[in-house]
Amino acid sequence: QVQLVESGGGLVQPGGSLRLSCAVSASIFSFTDMGWYRQTPGKQRELVAGITSGGSTNYADSVKGRFTISRDNAKNAVYLQMNDLKPEDTAVYYCNADHRVLRLKYWGQGTQVTVSS
């Protein structure tokens, strides 16, 4: 029943911007810390950015200063604003909800981001 649905991916030129959105089931959103992960073929899934229910954020070194994670608790949504995109940012991006009480991780289906000239 729990669903996470990502959107906003696409093709963009180096230096461009995209904003990813993740809609989360209202039944769990208030209990979760949220994160954006990305994965390319043959590589481990890595944490890009995280945000707690209280609004504290953390970022991978590779995206600091370029990406911004935020959440809207009224809309049960989390966002990832990606600026100054680089070819190495190309990946499938996944939204994750970490349930603090149940200690379960929920994943979205992923959205493709391709940075190419």
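Strands β7 and β8 (residues 77–82) pair in the antiparallel sense over six bridges. Here strands are DSSP runs of E with at least two residues, numbered from the N terminus, and two strands pair if DSSP finds at least two bridges between them. Within this pairing, arginine 71 has valine 78 of β8 as its bridge partner.

Before going on, note that this is a predicted model, where local features need pLDDT of at least 70, side-chain atom pairs count only at pLDDT 80 or more, and totals for chains, interfaces and linings use all residues. Residues are numbered from 1 along each chain as its sequence is written, and side-chain values use heavy atoms, with hydrogens and water left out.

Now step back to the open sheet: four strands in the order β1-β3-β8-β7, with antiparallel pairing. At the edges lie β1 (4–7) and β7 (67–72), each pairing on one side only.

The torsion about the S-S bond of cysteine 22 and cysteine 95 is about -90°, so the disulfide is left-handed. Both cysteine 22 and cysteine 95 are buried, meaning under 20% relative accessible area (1.4 Å probe, protein chains only).

Finally, look at leucine 102, which is found in the loop between β9 (91–99) and β10 (105–107).

Technical notes
Disulfide = S-S within 2.5 Å. Buried < 20%, exposed > 50% of the residue type's maximum accessible area, 1.4 Å probe, protein only.
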